[in-house]
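Have a go at each task before reading its solution.

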Amino acid sequence: MISKKVREFFVSLMEARVEASSGSGASAVGYDPETEQYTGVFNNSVVNKFIEQGVLELVADENGLTIILLNNRADFLSGFASGVSEAKLGRDQYYADYNANPFAFSIGYEHFLQINKKKRPIPGYLCHGFVDEQSGEIHKQ
């Protein structure tokens, strides 16, 4: 099981919105598709831990905003979306063992379960790997 603060950090990256489309809903994290950088106010202990492990790269940390890169981003996005999909299908989390990024798979899996525990769906919720209510398609970052 992944700690709540670690899961919430990576979920915030998966919920990030393209910075230019600020009208598409509130997001605490911005994403620039051109540079693949995430900008936001993050838990420094979590960020530093994953920088040391090589999962993240620090681009800048100034004026209270941190800019980071997610290394092997495509693998992470794929693993996260696979975790969401498997949880939605009611499968076990052991499928993470067969994924290219078991960590991302587990975060996606656990996040789907957390969202499903809510009594009412969050209107307009948008996260990588989840169905976009407006388009009916799986949202991809």
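**Exercise 1. Which residues have the most contacts inside the largest nonpolar core, and which elements give two or more residues to this core?**

Step 1. The largest nonpolar core holds 33 residues. A nonpolar core here is a set of buried Ala, Val, Leu, Ile, Met, Phe, Trp, Tyr and Cys residues joined through side-chain atoms within 4.5 Å. Buried means under 20% relative accessible area, exposed means over 50%, and partly exposed lies in between (1.4 Å probe, protein chains only).

Step 2. Inside this core, the residues with the most contacts are Phe 9, Phe 10, Leu 13, Met 14, Tyr 38 and Phe 80.

Step 3. Two or more core residues come from each of helix 1, helix 2 (44-52), strand 5 (65-70), helix 3 (73-88) and helix 4. Helices (H or I, at least four residues) and strands (E, at least two) are DSSP runs, numbered from the N terminus.

Step 4. A word on the source: this is a predicted model, in which local features need pLDDT of at least 70 and side-chain atom pairs count only at pLDDT 80 or more, while totals for chains, interfaces and linings use all residues. Residues are numbered from 1 along each chain as its sequence is written, and side-chain values use heavy atoms, with hydrogens and water left out.

**Exercise 2. Find the buried residues of helix 1 and what covers them.**

Step 1. Of the 11 residues in helix 1, eight are buried, so the helix is mostly covered.

Step 2. The buried ones are Val 6, Arg 7, Phe 9, Phe 10, Val 11, Ser 12, Leu 13 and Met 14.

Step 3. Their cover includes strand 3, helix 2, strand 4 (56-62), strand 5, helix 3 and helix 4.

Step 4. Contact means heavy atoms within 4.5 Å.

**Exercise 3. At roughly what angle do the axes of helix 1 and helix 2 cross, and which residues meet there?**

Step 1. The two axes come within 10 Å and cross at roughly 80 degrees. Axes are lines fitted to C-alpha atoms, for helices over the stretch in contact, and angles run from 0 to 180 degrees between N-to-C directions.

Step 2. Helix 1 and helix 2 are therefore roughly perpendicular. The classes are roughly parallel for angles under 35 degrees, roughly antiparallel over 145, roughly perpendicular from 65 to 115, and oblique for the rest.

Step 3. Lys 5, Val 6, Phe 9 and Phe 10 of helix 1 meet Ser 45, Val 46, Val 47 and Phe 50 of helix 2. By class, this contact has six nonpolar, one polar and one charged residues. Ala, Val, Leu, Ile, Met, Phe, Trp, Tyr, Cys and Pro count as nonpolar, Asp, Glu, Lys and Arg as charged, and the others, Gly among them, as polar.

Step 4. Zoom in on Val 46, found in helix 2. Val 46 is buried at a relative accessible area of 2%, and, leaving aside neighbours within four places in sequence, is in contact with Lys 5 and Phe 9.

**Exercise 4. How many salt bridges does the structure hold? Describe the one between Glu 8 and Lys 4.**

Step 1. The structure holds four salt bridges.

Step 2. Glu 8 and Lys 4 pair through their side chains at 3.9 Å, N to O. Being four residues apart in helix 1, they are separated by about one helical turn.

Step 3. Glu 8 is partly exposed at 44% relative accessible area, whereas Lys 4 is exposed at 54%.
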